[in-house]
Amino acid sequence: MAQYIDDDVLVCRCEEITAGEIRAAIRMGARDVTGVKRRTRAGMGLCQGRTCEALVQQILRQELGIDTEQVGGSTPRTPQRPVTFGTLGGEVK
Amino acid sequence: MNSYDVVVIGAGVIGTSCAYHLVKKGYKVALVDRGDIASGTSSHCDAAAMITDKMPGADAALGHASIQRFIQLAKELDYDFNFEQRGSLYVCETDMEMEVGSGYVKALQAEGYPVKMVDPYEMLQIEPFLAKDLKGGFWSDECSQLNPFKLCFAFVEQFKNKGLDVYTYTTVTGIKLNEKNAVEAVQTDKGDLVTKRVINCGGVWAKHIGELSGLDIPVLPRKGVILLSETTSPICGQKVQEFGYMVTKFANVECDRDPELLKYNVAFTLEPTEGDNIMLGSSRNFVGYGLNTEIEVINAIAKRGIRFFPVLKNMSCIRAYAGVRPFMEDHLPIMSEVDEMPGYYIAAGHEGDGISMAPITGELMSQLIAGEKTTLEMEPFRFSRLKQAQAPVI
């Protein structure tokens, strides 16, 4: 069993969201990664959840007693990593 | 068995607003959604409530009344949805856009809405990062921004378990009617909800919910792609759009457009978010319910963004996302009872204005159900107008 993450631990570093805020979102009705994301912004920052997603999943599993599949992940989105609008707009460097 | 005064189907911004306004009037309400709150169009959109993207007439009247309702809701709801009335700027790239745009501004002014023309100098004072070769534009103090998911949560949280029961992850399987064709219950995969009144707030899926009862609700999914920047220091103060946006939204606004932009129906629109990102849009296409973000569309949106805000060139995009908007042929939502099915109501088809018009929609639907005088004349939004439009000409 994974270790319990204390409420004051920063889980999403990009958006500065703590484990306690994630638990509050779950109490409000979040059941999966995207539900937590919409209620807290965890996973919406520069890294797009690459760092915190596994921790958010762990908290969801522990709080709701559900398995990895039910917890889900965030929707994969273009671009894979930050890219300038110039590059996306077709500018040649 | 659970029984309710009203069952609302769809926990997007329209459904949550209807549910809130009904509980406020004292009704016992169930809110049902097959997924989570705000898990469809209402979380795949932008975040503005505007008057300057509405057509003069019924459309603008709805937009204006909704902003007035937003101002009250910001005080009335305990959960902060980050409402701010910052105004909005429209910019014109060509002389033709200036001509069509100024006619549009005059029409809005004639109806009493606060919109004014601004010259290129004033535009640059408002937005110093704007391209310097634009012809002019218009400004309205009334336009506002907010966080759309938080708005849905705010509507739900206010009365949750205090008049409002939330049935998320619950799929509606049918509407039970009695021998007089009147609503008796909403059937779901978790059991029946007994009620005499149901509102279909299914947005782009309102059509499918309607089909369960043999109703033809002609809402079509129209996809829009939006790009989101990294967090930045502010490069814009509020919503900025090109007038060409109106051309992509309404078929009756005619202006010459670059064929490449027309291909994906792309127009420049920019807004700052409460998380200090910049939202850059957008496109409008009929390509079904899929949420793919095609690279050609992303390319066209980025290019168009840089045309109006050259500073974007070196800023990073962190994600692209798409949502499907509930499109109606005549650009007016359905907010109506269904004459042939007593107790069945529809509030759907707001296209890209669902967030903008949610407050007034909830208010009007609650008034309609209570049999009260409505804030606005409901005739333009009646469901029966669509049947008349489809009727064969003899």
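In what order do the elements of chain A run from the N terminus on? With chain A selected and coloured by secondary structure, the elements can be followed as β-β-α-α-α-α-β-α, a total of five helices and three strands, where helices (H or I, at least four residues) and strands (E, at least two) are DSSP runs numbered from the N terminus. Turned along its principal axes, chain A has C-alpha atoms that fill a box of roughly 50 × 25 × 25 Å.

Before going further, note that this is a predicted model, in which local features need pLDDT of at least 70 and side-chain atom pairs count only at pLDDT 80 or more, while totals for chains, interfaces and linings use all residues. Residues are numbered from 1 along each chain as its sequence is written, chains are lettered from A and ligands numbered from 1 in the order in which they are written, and side-chain values use heavy atoms, with hydrogens and water left out.

**Helix 1 of chain A and its two partners**

Select helix 1 (residues 19-28) of chain A together with helix 3 (residues 53-64) of chain A: the two pack at an angle of about 50 degrees, with their axes 10 Å apart. Axes here are lines fitted to C-alpha atoms, for helices over the stretch in contact, and angles run from 0 to 180 degrees between N-to-C directions. This angle makes helix 1 of chain A oblique to helix 3 of chain A, given that angles under 35 degrees count as roughly parallel, over 145 as roughly antiparallel, 65 to 115 as roughly perpendicular and the rest as oblique. The crossing of these two helices is right-handed; a crossing is called left-handed if the near helix is turned anticlockwise from the far one by less than a right angle, and right-handed if clockwise.

To see the contact (heavy atoms within 4.5 Å), show the side chains of A:Ala19, A:Ile22, A:Arg23 and A:Ile26 on helix 1 of chain A, and those of A:Val56, A:Ile59, A:Leu60, A:Glu63 and A:Leu64 on helix 3 of chain A. By class, this contact of helix 1 with helix 3 of chain A has seven nonpolar, no polar and two charged residues, with Ala, Val, Leu, Ile, Met, Phe, Trp, Tyr, Cys and Pro counted as nonpolar, Asp, Glu, Lys and Arg as charged, and the others, Gly among them, as polar.

**Loops of chain A**

Next select A:Arg41, which forms a salt bridge with A:Glu15, the closest N and O atoms being 2.9 Å apart; a salt bridge is a side-chain nitrogen of Lys or Arg within 4 Å of a carboxyl oxygen of Asp or Glu. The pair links distant parts of the chain, 26 residues apart, with A:Arg41 in the loop between helix 2 (33-40) and helix 3 and A:Glu15 in the loop between strand 1 (10-12) and strand 2 (17-18) of chain A.

The loop between helix 2 and helix 3 of chain A also holds A:Gln48, a residue other than glycine with a positive phi, near 55 degrees. Moving on to the loop between helix 4 (68-71) and strand 3 (83-84) of chain A, one finds A:Pro79, and the peptide bond that leads from A:Thr78 to A:Pro79 is cis, with omega near -10 degrees.

**Across to chain B**

Now display both chains: the contact takes 25 residues from chain A and 37 residues from chain B. Together the chains bury about 2700 Å², 55% of it on carbon and sulfur atoms, buried area being the accessible area (1.4 Å probe) that two parts lose on being put together, summed over both. Highlight A:Met28, A:Arg38 and A:Phe85, which supply 30% of the area that chain A buries against chain B, more than any other three residues. Across this interface the rule finds one salt bridge; select B:Asp36 and A:Arg39, whose side chains meet in a salt bridge (2.8 Å, N to O).
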